[in-house]
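Please examine the model below before turning to the questions that accompany it.

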Protein chains: 2
Amino acid sequence: MQDSPPRRIEFWFDFGSNYSYISAMRIAELAARNGVEVAWNPFLLGPIFKSFGWDTSPFVLQKEKGAYTWKDMARQCKKYGLPWRQPSSFPRAAVLPSRVALFAQGTPWHGEFCRRVFALNFAEDRDVHTPEAVTGILEQLGVPAAEVLQQAQSDAIKLRLRQQTEMAVARGVFGAPTFFAAGEMFWGNDRLEDALAHAAGTPPAGSV
Amino acid sequence: MQDSPPRRIEFWFDFGSNYSYISAMRIAELAARNGVEVAWNPFLLGPIFKSFGWDTSPFVLQKEKGAYTWKDMARQCKKYGLPWRQPSSFPRAAVLPSRVALFAQGTPWHGEFCRRVFALNFAEDRDVHTPEAVTGILEQLGVPAAEVLQQAQSDAIKLRLRQQTEMAVARGVFGAPTFFAAGEMFWGNDRLEDALAHAAGTPPAGSV
């Protein structure tokens, strides 16, 4: 008897994306419950928005949608039991933590690093792009911060982050979070359950 | 002892909006289960999109999002057990059925009229703005079609449709479907359950 290949979901996110925050905090437990492995894939939404002719987030460009989003975030975080503080700066730059997250792929501290970056931005309303912010998180995780920061700023990792974003574009990603499961793309935290059901090969739970 | 006031949800929709179709097909049963009355509120998204500088739906303007939307619609309709045919013309004009829906508010055939207009557009891929299309539906419902069409094109109803759209803008509506429940606005079919829970005064069902 052979083991079946592990079921897998790709979680594509930008650390500045508020709905990515909600998914980041929920995905590990939901995926484990479905017997699915999570591949964390940081990328940058900024260049994608620029390709649409937008110089920032649609939540900033469309004021009605933006005003609604912050109300929706407060309600959604309450519903999922997540801490929430509306960021005083949005969307926050996140190149450095994205590079660290790419460097960390495959390490045991990878998911927890990503959750802590998101929490800093959306639960504590603090910047996440500074060496101080990233160092603080790495030290909390007991990881050699100076060494990791240096590696994360190597040309190889810089190139990989650009490639991540290019790959996202090539695969049709237009926002975050985006999930890939068994060849299908799902957009938005509201589709996390459906994406996991698809990865696990079970039908999504619909109501009426 | 006095009866408590009826719990109520306002369902704001455009007959050309595909996600409004899903909500239109689901809302009556879900609302009844929550002990909530539904107020059907047709309005026109076109003028609202124009005010954002868009000359059509974002699903047309943003090709990546549009391509995703049709895949998402097929999956969502399957999940909810709804028929689905991708419209060959999108977004379809719907001024005439919107006027008839406004005229019909308070009649027993109001909800069913709206569902049949949506089904024509999204399950049968047929135009909904012609007198023939609307007449066909009214006749199926056993309603005097010629009389209703005449009333629905009165200046009073034309004015009311414009006022509906102005009221939507004034209340911060930027897309459809939009729900109002106990003073709060909820956007999108994905928030229908939360909106109904809020209308019913019960906490929304969250998972992780």
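The questions and answers below concern a predicted model.

Q: How many helices and strands does the secondary structure of chain A come to?
A: From the N terminus on, the elements of chain A run β-α-β-α-α-α-α-α-α-α-α-β-β-α. The secondary structure of chain A therefore comes to 10 helices and 4 strands under the DSSP-run criterion, in which a helix has at least four residues and a strand at least two.

Q: Which residue in the turn between β3(A) and β4(A) has a positive phi?
A: Strand β3 (residues 178-181) of chain A runs antiparallel to strand β4 (residues 184-187) of chain A, and 4 bridges join them. Ala181(A) stands opposite Glu184(A) in β4(A). The two strands form a hairpin with 2 residues between them, and the turn residue with a positive phi, about 45 degrees, is Ala182(A).

Q: What radius of gyration does chain A have, against that of a compact globule?
A: The C-alpha trace of chain A spans about 50 × 45 × 35 Å along its principal axes. Because a compact globule with 208 residues would have a radius of gyration near 17 Å, chain A agrees with its value of 17 Å.

Q: Which residue of chain A has the C-alpha nearest the axis that relates the copies?
A: Chain A is superposed on chain B by a rotation of 180 degrees with 0.0 Å of shift along its axis (RMSD 0.0 Å). The two copies are thus related as by a two-fold rotation axis. At 3.4 Å from this axis, the nearest C-alpha in chain A is that of Asp190(A).

Conventions
Residues are numbered from 1 along each chain as its sequence is written. Chains are lettered from A and ligands numbered from 1 in the order in which they are written. This is a predicted model: local features need pLDDT of at least 70, side-chain atom pairs count only at pLDDT 80 or more; totals for chains, interfaces and linings use all residues. Two strands pair if DSSP finds at least two bridges between them. The radius of gyration is taken over C-alpha atoms; the globule rule is 2.2 Å times the number of residues to the power 0.38. Copies are superposed by least squares on the C-alpha atoms of residues with pLDDT of at least 70 in both.
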